Amino acid sequence: MFNDEPIELSDEIFKLLKDLIYKSSGVWFDENSKDILRMRLTNSVQRHQFKSFKDYYYFLRYDREKDAELASLLDIVTNHETYFFREMPQLKAFSEEILPEIIDIKKKEGSKDIKIWSAGCSTGEEAYTIAMLFLESKMFNNVNIEVFATDISHRVLHSARKGFYQKHSFRTTDSEMIAKYFIQEENGCKISDKVKEKVNFGYFNLLDSDKSAFINRMDVIFCRNVIIYFDMPAKKKVIEMFYEKLSNLGFLLLGHSESLINISTAFTLRHFKNDMVYQKIVK
Ligand SMILES: C[S@@+](CC[C@H](N)C(=O)[O-])C[C@H]1O[C@@H](n2cnc3c(N)ncnc32)[C@H](O)[C@@H]1O
């Protein structure tokens, strides 16, 4: 049983904890978020039967199990909110305007494979949405699509691979799409194989520049509602890596409240009918 007594978080340990979170994930807690962090991490401190956040911090730094505990901590302190068909105007721009442009480029190159990255995919709704939009576009006779979906949380990746979803994931999904691409099960729905086979999930920390060498060149990168939690240097680092990873004329799709203002001038802002999106145009 956990003790109800609040556990004190000193300013010193708060700073050490928030720096550790920042260095490990790019997620930035400002000076005013001490109470939020204390509340979110109290269960973890109690689970290990530590009496103080200081003991917990030392455990995170020096214990043999530190990597697993840090992964669990990042899972707790990051936001995983997501749902199918999120931000529909942008998705319409993707399927009705961006996809046809990319298919034209592929035709000229004599290639058939379109590579799309869902960076910070959470439980997989965004990646599966991209695959469903592609199937709906009826363009699959000419080209093939591969969606590579990554996240820093092993827990959400496990759930994404299972592909089982409940009501809150379908808040903006037409019943027609559910009938077409999901299998009804008790208490929820499972994504169908024809969608699932287009998506591969993997662990990747967006700040781990060494490992980005293993990522292929992409035609479209979706990174929506992820860098919003990063501070400026982390945002810049990730956007630079995306520029590097995109093929020429590739597209970067950010969340609707995110932009590259003060982050990067490398991209061109394209005004489509349905939305504005960033494109890499090498002159
Ligand atoms: C709010 S969700 C966004 C999900 C989806 N992109 C959407 O817009 O619906 C943010 C996701 O980014 C992930 N994330 C946070 N920091 C990350 C990092 N440094 N590397 C990779 N993923 C990260 C979180 O684990 C979380 O699942």
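These legends describe close-up views of a predicted model. Local features need pLDDT of at least 70 and side-chain atom pairs count only at pLDDT 80 or more, while totals for chains, interfaces and linings use all residues. Residues are numbered from 1 along each chain as its sequence is written, and side-chain values use heavy atoms, with hydrogens and water left out.

**View 1. Trp-117 and Phe-148 form a tilted aromatic pair.** The structure holds 18 aromatic pairs. Rings of Phe, Tyr and Trp (its six-membered ring) pair if their centres lie within 6.5 Å; planes under 30 degrees apart count as stacked, over 60 as edge-to-face and the rest as tilted. Here the centres are 6.2 Å apart and the planes stand at 35°, so the pair is tilted. The pair links distant parts of the chain, 31 residues apart. Trp-117 is in strand E1 (residues 113-119) and Phe-148 in strand E2 (residues 144-151). Helices (H or I, at least four residues) and strands (E, at least two) are DSSP runs, numbered from the N terminus. Trp-117 is buried at 0% relative accessibility. Phe-148 is partly exposed at 27% relative accessible area. Buried means under 20% relative accessible area, exposed over 50%, partly exposed in between (1.4 Å probe, protein chains only).

**View 2. Phe-267 and Tyr-278 form an edge-to-face pair.** Their ring centres are 6.4 Å apart, with planes at 75°. Phe-267 is in the loop between strand E8 (246-254) and strand E9 (268-271). Tyr-278 is in strand E10 (residues 276-279), 11 residues apart from Phe-267. Phe-267 is buried at 10% relative accessibility. Tyr-278 is buried too, with a relative accessible area of 12%.

**View 3. Six residues form one aromatic cluster.** They are Phe-84, Tyr-128, Tyr-165, Phe-170, Phe-182 and Phe-201.

**View 4. The charged end of Lys-280 sits over the ring of Tyr-243.** It is 4.5 Å from the ring centre. A charge sits over a ring if NZ of Lys or CZ of Arg is within 6 Å of the ring centre and within 35 degrees of the ring normal.

**View 5. Helices H5 and H6 are oblique to each other.** The axes of H5 (residues 88-109) and H6 (residues 125-137) come within 11 Å and cross at roughly 45°. Axes are lines fitted to C-alpha atoms, for helices over the stretch in contact, and angles run from 0 to 180 degrees between N-to-C directions. Angles under 35 degrees count as roughly parallel, over 145 as roughly antiparallel, 65 to 115 as roughly perpendicular and the rest as oblique. H5 passes H6 in a right-handed crossing. A crossing is left-handed if the near helix is turned anticlockwise from the far one by less than a right angle, and right-handed if clockwise. Contact means heavy atoms within 4.5 Å. Residues of H5 in contact include Leu-91 and Phe-94, and those of H6 include Ile-130 and Leu-133.

**View 6. Helix H2 packs with helix H4.** H2 (residues 34-47) and H4 (residues 66-77) pack at about 145°, with axes 10 Å apart. The crossing of H2 past H4 is right-handed. Among the H2 residues in contact are Leu-37 and Arg-40; among those of H4 are Glu-69 and Leu-73.

**View 7. Glu-87 has a positive phi.** Most residues other than glycine have a negative phi. The phi of Glu-87 is near 60°. Glu-87 lies in the loop between H4 and H5 and is buried at 14% relative accessible area.
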